[in-house]
Amino acid sequence: MTTVSDRPLMHTPRDPSLRDLSSVQSRIHTIPTANPRDSIVRLQQVTKVYANGSRALENVNLQVRRGDFLFVTGPSGSGKSTLLKLLYGAERPTQGQVQVHDTNLSDLRGDRLSMLRRRIGVVFQDYKLIPRRTVAENVAFVLQAQGYARREIQRRLLPTLKMVGLHDKAERFPDELSGGEQQRVSIARAIVSTPPILLADEPTGNLDADNSWQVIKILKKLNAVGITVIITTHDDRLVRMSNHPVVQLCNGRLFHVN
Ligand SMILES: Nc1ncnc2c1ncn2[C@@H]1O[C@H](COP(=O)(O)OP(=O)(O)OP(=O)(O)O)[C@@H](O)[C@H]1O
């Protein structure tokens, strides 16, 4: 089974925007404290075959611990998105077990699956912002949908927008932003409910080198306050610059790189 290496978890950040976020995080969300190094994601002998016969994953074993930052690399069609889809319950394994937060996803349906998804932030390559809503509204929308009180929404918005460097663009609409800024809105939206896990599927796929590195730096900051980050990418240069553990998919099979 592939296990990513131990790293320290939850230290007090020096960056003021991080301190804001960290305080929101520590007051609200429930990272279980009993054993913070427990695995938060576990795949055991997972195979995924789509209805058309495409074999996307073959006997994949993976364990990710709380506080890890893991890159999943591999060529187009190797199964990266499928792996993440299994983790947020958008697809189910054909064989094997997928556990997230100690819950076996195969057992979950309906409300229980929705509740688990609230504890997983997801960022996509194409941002998926709501065009007719401002930056602030796009981010607040997630909290509104989860029934947060207006005051709590207001309390969370500013530290989250500061964290991604967009507090001065809160009233802009998505089409008034650059691609990099739109991706940062989508990260803000994914983390505003302070999920313990953030999954990012090719978040830099549409961005130039500078914007890609900015996105990675934000993900690193989030990881520094205790969020477990799993990110897929084609970009070897980013992986090398980032210096985090890497697994590689090749025709649906998973290999440990470092
Ligand atoms: N909904 C689907 N139905 C049928 N086959 C699918 C489906 N989604 C993905 N596949 C197939 O599963 C395999 C893995 O696809 P996946 O999207 O996970 O790869 P990927 O590594 O994320 O690729 P890319 O880097 O191009 O996004 C591919 O052969 C793909 O064609």
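Predicted model: local features only at pLDDT ≥ 70, side-chain atom pairs only at ≥ 80, totals over all residues.
Local features need pLDDT of at least 70, side-chain atom pairs count only at pLDDT 80 or more, and totals for chains, interfaces and linings use all residues. Residues are numbered from 1 along each chain as its sequence is written.

Helices (H or I, at least four residues) and strands (E, at least two) are DSSP runs, numbered from the N terminus. Six strands form an open sheet with mixed pairing, in the order 7-8-9-4-10-11. Strands pair if DSSP finds at least two bridges between them. Strand 7 (120-124) and strand 11 (253-256) are the edges, each pairing on one side only. From one strand to the next, the twist averages 20 degrees. Axes are lines fitted to C-alpha atoms, for helices over the stretch in contact; angles run from 0 to 180 degrees between N-to-C directions.

Strand 4 (residues 69-73) and strand 10 (residues 246-250) run parallel and are joined by three bridges. Phe71 has Val246 of strand 10 as its bridge partner. Helix 7 (residues 209-224) packs on the sheet and touches strand 4, strand 8 (197-201) and strand 9 (228-233). Its direction makes about 155 degrees with that of strand 9. Contact requires C-beta atoms, placed from the backbone, within 7 Å.

The axes of helix 4 (residues 135-145) and helix 5 (residues 150-163) come within 10 Å and cross at roughly 135 degrees. The two helices are therefore oblique to each other. Angles under 35 degrees count as roughly parallel, over 145 as roughly antiparallel, 65 to 115 as roughly perpendicular and the rest as oblique. Contact residues include Ala136 and Leu143 of helix 4, and Ile153 and Arg156 of helix 5.

Conventions
Contact = placed C-beta atoms within 7 Å.
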